[in-house]
Amino acid sequence: MKTGLRTVRLALTEPLRISRSTMAARDAVWLSVEHDGVTGHGEAVSSVYYRLDTGGLVRHLTAAGSRLARFPDPEAALEALRTGESTGEPAPPAVTAAVEAALLDLVGKRAGLPVHRLLGAADTPVAATARTLGITSPARAAEWARSLVAKGFGVLKVKAGTPDPEDDVARVRAVRDAAPRARLLLDPNGAWTAARARALLPRFAELGVEAVEQPLAPGDPEALAELAARSPLPVVADEDAVDLEDVRRLAGRVHGVNVKLAKCGGVHAALRIAESIEGSGTRLMLGCLTASSLGLAPAVHLADRARWADLDGHLLLAHDPWSGIGGEDGRVRASGLPGLGVERREAHRADLA
């Protein structure tokens with residue numbers, strides 16, 4: 001198998017402010033894996049929070065590409081990755097996820113099957129995705145919410161965690177007034193203390209918020225579980241639910257876990273997490289980093305397995321270099337095309353030439 005890498009800059013339509021940072025762009029590293037004239041693609045994106053810089057991604061993906069050369073075909077490589085038999089230096093989960101995505105894309109194309117069929121699903125996944133509203137003024141948030149609802153979005157995720165909690169309440173109230181029938185999710189990204197969360201959650205419950213993600217700073221899952229036990233609305237673990245062991249500790253003790261392929265290690269790791277919480281009362285949320293449609297596509301092929309889909313990272317971009325998963329009308333859809341089902345837009349075809 002022959003591999004190649006390309007790095008591109010993904011600019012957002014407008015900066016996204018959350019409680020711990022503001023982001024205007026990030027780098028994406030595209031991995032291509034070719035075998036017998038067929039090519040699969042995967043994507044990893046840089047992230048300050050997950051300590052993934054562009055140079056590190058390139059080094060790890062280069063090493064992973066070298067390891068793929070020892071396999072006779074992509075099917076064998078994918079099976080080794082799935083079972084954990086692949087040897088070599090451990091890679092960050094985002095790199096493993098990108099390698100797996102490229103192999104799934106390639107194996108699916110070789111078999112003439114979309115990825116969700118490779119994973120055992122008969123129906124093409126379709127899901128309503130949340131659309132993120134960053135920290136901004138109540139008036140801007142209301143304007144944004146009205147526009148999104150008019151386009152078909154029925155789930156809005158409001159970022160929170162400003163120094164003055166009344167700002168968060170005012171923003172959510174403005175969104176609720178502007179979109180009275182929308183489902184609302186709230187995400188402080190770990191910005192609250194337990195005392196602040198206990199004081200605020202009843203107020204957000206009164207405003208009809210459906211669930212809150214990671215209200216407390218990560219690192220104390222016991223505190224998060226204790227808060228969930230007394231919360232008037234569902235609590236979803238995100239930064240405290242990185243991998244399978246984290247989720248096992250929280251299963252049955254929080255109402256949901258946000259699984260991002262880039263933090264857990266890919267599709268098969270996500271499926272193991274989903275299996276581990278079955279029957280526990282903890283539900284699955286599928287989340288994402290800001291990325292292109294190529295980066296989002298693997299999760300979209302799992303979207304119908306989740307209680308909440310938060311797969312809008314490609315919709316935040318000024319220009320998405322790939323297409324194929326929809327989302328502009330509030331619903332993401334896995335393609336019926338073989339593999340991941342995404343295609344490079346014409347203006348970006350030279351990027352992987």
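This is a predicted model: local features need pLDDT of at least 70, side-chain atom pairs count only at pLDDT 80 or more; totals for chains, interfaces and linings use all residues.
Glu75 belongs to helix H2 and Arg110 to helix H3, so the pair ties together parts that lie 35 residues apart in sequence. Both partners are partly exposed, Glu75 with a relative accessible area of 31% and Arg110 with 33%.

The two helices also pack against each other. Two packed helices are described by the angle between their axes and the distance between the axes. Here, H2 (residues 74-83) and H3 (residues 93-111) meet at an angle of about 140 degrees, and their axes are 9 Å apart. That angle makes H2 oblique to H3, and the crossing is left-handed. Among the residues making the contact are Pro74, Glu75 and Leu78 of H2 and Val99, Leu103 and Arg110 of H3. The residues of this contact comprise nine nonpolar, one polar and three charged.

Salt bridges turn up elsewhere too, and the structure holds 21 of them. One of these links the side chains of Glu239 and Arg20 (3.0 Å, N to O). Glu239 sits in the loop between strand E9 and helix H9, and Arg20 in the loop between strands E1 and E2, so this pair ties together parts 219 residues apart in sequence. Glu239 is buried, at 9% relative accessible area, whereas Arg20 is partly exposed, at 39%.

Finally, salt bridges with shared partners join Lys157, Lys159, Asp187, Glu213 and Asp310 into one network.

Conventions
Residues are numbered from 1 along each chain as its sequence is written. Side-chain values use heavy atoms; hydrogens and water are left out. Axes are lines fitted to C-alpha atoms, for helices over the stretch in contact, and angles run from 0 to 180 degrees between N-to-C directions. Helices (H or I, at least four residues) and strands (E, at least two) are DSSP runs, numbered from the N terminus. Angles under 35 degrees count as roughly parallel, over 145 as roughly antiparallel, 65 to 115 as roughly perpendicular and the rest as oblique. A crossing is left-handed if the near helix is turned anticlockwise from the far one by less than a right angle, and right-handed if clockwise. Contact means heavy atoms within 4.5 Å. Ala, Val, Leu, Ile, Met, Phe, Trp, Tyr, Cys and Pro count as nonpolar, Asp, Glu, Lys and Arg as charged, and the others, Gly among them, as polar. A salt bridge is a side-chain nitrogen of Lys or Arg within 4 Å of a carboxyl oxygen of Asp or Glu. Buried means under 20% relative accessible area, exposed over 50%, partly exposed in between (1.4 Å probe, protein chains only).
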